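This briefing concerns the side-chain arrangements of one protein chain. Please keep the sequence and the structure in view while reading.

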Amino acid sequence: QVQLVESGGGLVQAGGSLRLSCAASGSNFIINLMGWYRQAPGKQREWVAGVGSGGNTMYADSLKGRFIISRDNADNTVNLQMNSLKPEDTAVYYCYTRSRPRDGTSYNDYWGKGTLVTVSS
């Protein structure tokens, strides 16, 4: 089973920056995708960004240009650099990965417990 632990959340003023990190651990798994979702108070969870094993990145259109996702395959970590933060970015941010058992063929999605980001005006 893949375990994901997020870190880096906190309180920041509008216009500031935060860097979120997520570390994946476990045994006998192969990671394909890693990325981030977020859920604001009273709203549905939305996709933020993702990165494939080859380094290709994708972003939600509304966030492209402010957020940067990166991945370290050697450490099985994924980061999210968030710049020019706005109050509407306030949410719980969840790390996810799509992975499979080393001897398996089907991929499953795994989720961290989330880290809270609060952006004050």
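The model is a predicted one. Three aromatic pairs are counted in it. Two of them involve Tyr37, which pairs with Tyr96 and with Trp111.

**Aromatic cluster**

- Tyr37 and Tyr96 form an edge-to-face pair, with ring centres 5.1 Å apart and 70 degrees between the planes. The pair counts as edge-to-face because its angle of 70 degrees is over 60 degrees.
- Tyr37 is partly exposed at a relative accessible area of 22%, whereas Tyr96 is buried at 8%. Tyr96 is classed as buried because its 8% falls under the 20% cut-off.
- Tyr37 and Trp111 form a further edge-to-face pair, at 5.0 Å centre to centre and with 65 degrees between the planes.
- The pair of Tyr37 and Trp111 also links distant parts of the chain, namely strand β4 and strand β10 (residues 108–111), and its two members are 74 residues apart.
- Trp111 is partly exposed, with a relative accessible area of 33%.
- Together, Tyr37, Tyr96 and Trp111 make up one aromatic cluster.

**Arginine over the rings**

- Which rings does the charged end of Arg45 sit over? One is the ring of Tyr37, whose centre is 5.2 Å from that charged end. Another is the ring of Trp111, with a distance of 3.9 Å to its centre.
- Both rings belong to members of the aromatic cluster.

**Nonpolar core**

- The largest nonpolar core comprises 29 residues, among which Trp36, Leu80, Met82 and Tyr93 touch the most other members.
- At least two residues of this core come from each of the strands β3 (18–25), β4, β5 (46–51), β7 (67–72), β8 (77–82), β9 and β11 (115–120).
- Beyond its neighbours within four places in sequence, Leu80 has contacts that include Leu18, Leu20, Trp36, Val48, Phe67, Ile69 and Tyr93. Arg19 is also one of the residues in contact with Leu80.

**Thr97 in strand β9**

- Thr97 is located in strand β9 and is buried, with a relative accessibility of 0%.
- The side chain of Thr97 reaches the backbone oxygen of Leu33 at a distance of 3.0 Å.

**Tyr107 in the loop between β9 and β10**

- Tyr107 is situated in the loop that connects β9 and β10. Tyr107 is partly exposed, with a relative accessible area of 37%.
- A polar contact of 3.3 Å is present between the side chains of Tyr107 and Arg100.
- Apart from its neighbours within four places in sequence, Tyr107 is in contact with Ile30, Asn32, Arg98, Ser99 and Arg100.
- The C-alpha atoms of Tyr107 and Gly54 are separated by 17 Å, and the two residues lie 53 residues apart along the chain.

Methods:
Residues are numbered from 1 along each chain as its sequence is written. This is a predicted model: local features need pLDDT of at least 70, side-chain atom pairs count only at pLDDT 80 or more; totals for chains, interfaces and linings use all residues. Side-chain values use heavy atoms; hydrogens and water are left out. Rings of Phe, Tyr and Trp (its six-membered ring) pair if their centres lie within 6.5 Å; planes under 30 degrees apart count as stacked, over 60 as edge-to-face and the rest as tilted. Buried means under 20% relative accessible area, exposed over 50%, partly exposed in between (1.4 Å probe, protein chains only). Helices (H or I, at least four residues) and strands (E, at least two) are DSSP runs, numbered from the N terminus. A charge sits over a ring if NZ of Lys or CZ of Arg is within 6 Å of the ring centre and within 35 degrees of the ring normal. A nonpolar core is a set of buried Ala, Val, Leu, Ile, Met, Phe, Trp, Tyr and Cys residues joined through side-chain atoms within 4.5 Å. Contact means heavy atoms within 4.5 Å. A polar contact is a pair of N or O atoms within 3.5 Å; within protein, one must be able to donate a hydrogen and the other to accept it, and residues adjacent in sequence count only if both atoms are side-chain atoms.
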